[in-house]
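User: I would like to learn how to read a protein model, one feature at a time. Could you take me through this one?

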Amino acid sequence: MPFDFPPMLRQQLVTMMEHPSGYRVLPTPHPALSVLSDFSTTTYLTADGRVLMDDDDQPLHETHDPYLLHATLIKAAERFHLPQLRTFIPACPPEGVVCPTCQGTQRMIIDGQPLNIFCHPCQARGWIVPALDSVAATEGECH
Ligand SMILES: [Zn+2]
């Protein structure tokens, strides 16, 4: 399901596609801003709140993978200076706790430093819902 971007945010994204600077834009019929890219996968954000991707296996298609959706929003918020994109990442529910892997930073941490790799265990949300009686259940609440 696409993110429900408000009209002003959609317009900001459309304007960026019309006047790209330093990033790639997919042309019509699927206008979208290039966001994440690694060796084999690139993700793109559309103005109507969808995340498209292409990779070695499949041509351009919409992805519903929560990890890719959240990682794309975070990266796009930083790259395009649109912090409101982060608000579309689900908030921590009452039963959630801070992700013990990334400590809520949404990125993998090595030697105390967040890396430029998004956290897989929490799907880049920064929180998890621990299984009952797991170790994580004793760690900090995130709300
Ligand atoms: Zn995490």
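User: How many Å separate the centres of domain 1 and domain 2?

Analyst: The centres, taken over C-alpha atoms, are separated by 24 Å. Domain bounds come from an automatic or database domain assignment, and here that assignment gives domain 1 as residues 7-88 and domain 2 as residues 97-138. Please keep in mind that this is a predicted model, in which local features need pLDDT of at least 70 and side-chain atom pairs count only at pLDDT 80 or more, while totals for chains, interfaces and linings use all residues. Residues are numbered from 1 along each chain as its sequence is written.

User: How many residues of domain 1 are in contact with domain 2?

Analyst: Two residues are in contact if their C-beta atoms, placed from the backbone, lie within 7 Å; by that rule, five residues of domain 1 are in contact with six residues of domain 2. On the domain 1 side, the touching residues divide into four nonpolar, one polar and no charged.

User: In what order do the five strands of the open sheet lie?

Analyst: Strands of a sheet pair through backbone hydrogen bonds, either parallel or antiparallel. Strands here are DSSP runs of E with at least two residues, helices are runs of H or I with at least four, and both are numbered from the N terminus; two strands pair if DSSP finds at least two bridges between them. The order in this open sheet is S1-S2-S3-S4-S5, with antiparallel pairing. Strand S1 (25-26) and strand S5 (61-62) stand at the edges with a single partner strand each, so one side of each has no neighbour in the sheet. Between strand S4 (residues 51-54) and S5 there are two bridges, and Met-53 has His-61 in S5 as its bridge partner.

User: Is Val-51 buried or exposed?

Analyst: A residue is buried if 20 or more other C-beta atoms lie within 10 Å of its own, exposed if 12 or fewer, and partly exposed in between. Val-51, which lies in strand S4, is buried because 24 other C-beta atoms are within 10 Å. Leaving aside neighbours within four places in sequence, the contacts of Val-51 include Thr-43, Leu-45, Leu-68 and Thr-72. Val-51 and Thr-72 are 21 residues apart in sequence, yet 7.5 Å apart in space, C-alpha to C-alpha.

User: Which residue takes a positive phi in the hairpin of S7 and S8?

Analyst: That residue is Asp-111, with a phi near 55°, in a hairpin that has two residues between the strands. Strand S7 (residues 107-110) and strand S8 (residues 113-118) run antiparallel and are joined by three bridges, and Arg-107 stands opposite Phe-118 in S8.

Terms used. Nonpolar A, V, L, I, M, F, W, Y, C, P; charged D, E, K, R; others polar.
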